[in-house]
Amino acid sequence: MQQRIINPHDLAFQLFELHQTEDVLQYDRYADHSRDTLEAALDLALKVAAEEFAPHARLVDEEEPTFESGRVEMRPEVKKALDVLRETGLMAAGQDYELGGMQLPAVVAQMCVGLLKGANVGTQGYAGLTIAAANLILAHGSEEQKERYARPMLAGRFFGTMCLTEPHAGSSLGDLKTRAEPAGDGSYRLKGNKIFISAGDHELSENIVHMVLGRLPDAPAGVKGISLFLVPKILVNDDGSLGERNDVALAGLIHKMGYRGTTSTMLNFGEKNGAVGYLVGEPHKGLAAMFHMMNEARIGVGLGAVMLGYTGYLHALDYARDRKQGRPMGEKDPNTGQVPLTRHADIRRMLLTQKAYVEGGLSLCLEGARLVDEKKFAENEVDRKEAAGLLDLLTPLIKSWPSQFCLEANSLAIQVHGGYGYTREYPVEQFYRDNRLNPIHEGTHGIQGMDLLGRKVMQAEGQHYRALLKRIRRTIAEAQKVPPLADNANRLDKALAQLVEATDAINVVRATGATERALANASLYLEAFGHTVVGWLWLRQAQAALAGIENAGPQPEAFYRGKLRACDYFARYELPRVGSLAGLLAEVDTTALDMTESEF
Ligand SMILES: Cc1cc2nc3c(=O)[nH]c(=O)nc-3n(C[C@H](O)[C@H](O)[C@H](O)COP(=O)(O)OP(=O)(O)OC[C@H]3O[C@@H](n4cnc5c(N)ncnc54)[C@H](O)[C@@H]3O)c2cc1C
């Protein structure tokens, strides 16, 4: 089973040969860790993923949670798996020792989470949201809030949620209406309806801590008037014991295409006298606080998309090796035996595409996680600032590129299975349904495109964008000097030049004030930019693989050769997409924008 969550050679290669994870151990924070302790944590995560999470992934899809007499009922395996997660300490793997964590580097902690997501994304959702909500309290809450809520959350006693969305305010959070009135004792009373709240109700933990966006009575309109509140399902007394039930009601469950193991809830706050809530951070700065934590959460979304694509790829590979169908082209004798699917060129192409997407996506997410470590703990401020800027720039890509292309990998995994892939007898259809959420939640694909092109590329007067170009060009220059890599380096150089040309052309239009026109094709820009960055990471994978072959590295030679071929594939089949997208982008085409409603 473990072999079907991730290729262990790739896990070791990506962490220790490509991303040089051992280098982060030089930071004081990780002084107690060594390669051995990091590997032990990864082994533990893989074991829990394979033994506790994977076995009920199908069950929670078939028997999704139900709403019975005001309570949520679900399969008992979910609680058992989460209890094991808590007992192993993996729940808060990246947190401080003092908070009950393992103080693992972000790159390893994220990978541990990724392994759980690959095994069972629905069950992992409860733990993932809890850690995200606890991190929000740790970053912006008062000492009392940290002690009373974040600590039991990190210990797995309380779980957490993120309550942003309202029926009329999804992408447009500036329009949210939930109200918070001061109660006179420092607390607030909230009234409002939230929808699509993941893990919004269940019986898995002693309490649920909702992180809710709402408005104070004097709030300015729009995003500048949003504050963040902590609203427990059950009120917590001064001594930490549980008190009365708060005025938060589960109005119903939402039935979804995938991700069915995680409850999706409609929550009504304050149907009676108002839900008791506590302000977190400063008034009207709630959205900024929420988004501050989003960079790490979005690495989690991207990594979840990668891992669903990855497990789909491994299932497709196993199936293609086993299933015999047809004969090699040119073989006319019907008495010869049928050959495995892997013998057919089109199947190899589909498997190689999946490999290029999922292993490329994994390197992108780990690059982001590596920047989280650098931005927090690098020794000098210049390095910390550069890492923070690069992470800001890359975040929309880390969230969106895997959500698009690892979903496509899931579709190809179904295709490799033929008709069987379309049945519920094989898990690849569930991986596709589960992964289809990722371009939608945590900011849709369209919103990420506008974030990248409308904000991130121009941020700090383009400084982060230029820092990224410099890094990519440095890799290209190195690879151009190495004959086996030179052709791929030249292809990446060409794609990068096309992307830069498109960016410049868009910026000229933007400078005239025609913002709507400049951003009209932002989603396509996201795709072109993402392919260029993943092309860069594939070139770096090829550099590391070549070093592995030359120095008889720890992985089998066939593995390293597979990396070189996947880099060739990406450079030859995928990078040319950048050119066609960049051509359209450079013209700042308005065909779609110009289409009027009545013309559809
Ligand atoms: C399974 C699931 C789990 C979720 N979990 C949570 C959760 O835990 N907490 C939470 O708060 N929310 C959660 N959400 C809500 C999710 O974040 C929203 O669905 C998402 O933000 C989009 O909002 P919407 O559904 O209202 O779509 P809309 O905002 O109506 O968007 C519809 C389409 O229009 C596009 N669009 C919208 N505005 C613009 C614009 N200005 N320019 C261009 N295109 C635009 C979008 O990209 C999208 O394609 C979840 C959703 C799902 C399905």
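Before the first click, one term: contact, or touching, means heavy atoms within 4.5 Å. This is a predicted model, where local features need pLDDT of at least 70 and side-chain atom pairs count only at pLDDT 80 or more, while totals for chains, interfaces and linings use all residues. Residues are numbered from 1 along each chain as its sequence is written, and side-chain values use heavy atoms, with hydrogens and water left out.

**Stop 1: Arg260**

Select Arg260, in the loop between strand 10 (248–253) and strand 11 (264–269). Helices (H or I, at least four residues) and strands (E, at least two) are DSSP runs, numbered from the N terminus. Leaving aside residues up to four places away in sequence, Arg260 touches Val60, Asp61, Glu64, Pro65, Arg424, Arg433 and Asp434. Zoom in on Asp61: its backbone oxygen lies 3.3 Å from a polar atom of the Arg260 side chain. That is a polar contact, meaning a pair of N or O atoms within 3.5 Å; within protein, one must be able to donate a hydrogen and the other to accept it, and residues adjacent in sequence count only if both atoms are side-chain atoms. Is Arg260 buried or exposed? It counts as buried, because its relative accessibility is 18%; the classes are buried under 20% relative accessible area, exposed over 50% and partly exposed in between (1.4 Å probe, protein chains only).

**Stop 2: the ligand**

- Met162: a polar backbone atom is 2.7 Å from a ligand nitrogen.
- Leu164: a polar backbone atom is 2.8 Å from a ligand oxygen.
- Phe196: a backbone N or O atom lies 2.9 Å from a ligand nitrogen.

How much of the ligand does the protein bury? On its own the ligand exposes 970 Å², and the protein buries 61% of that (Shrake-Rupley areas, 1.4 Å probe).

**Stop 3: Val209**

Hop to Val209 in strand 6 (residues 207–214). Val209 counts as buried because its relative accessibility is 0%. Its contacts, beyond residues up to four places away in sequence, include Phe158, Phe159, Gly160 and Thr161, along with Leu230, Val231 and Pro232.

**Stop 4: the cysteines**

Search the whole structure for disulfides (cysteine sulfur pairs within 2.5 Å) and you'll find zero. Cys406 is in none; the nearest cysteine sulfur, in Cys365, is 7.6 Å away. Cys567 is too far for a bond, because its sulfur is 17 Å from the closest cysteine sulfur, in Cys406. Cys406 is buried at 0% relative accessibility, and Cys567 is buried at 3%.

**Stop 5**

Most residues other than glycine have a negative phi. Gln20 has a positive phi of about 45 degrees although it is not a glycine; look in the loop between helix 1 (8–18) and helix 2 (35–53). Finish at Ala460 in helix 13 (residues 459–480), where phi is positive at about 50 degrees.
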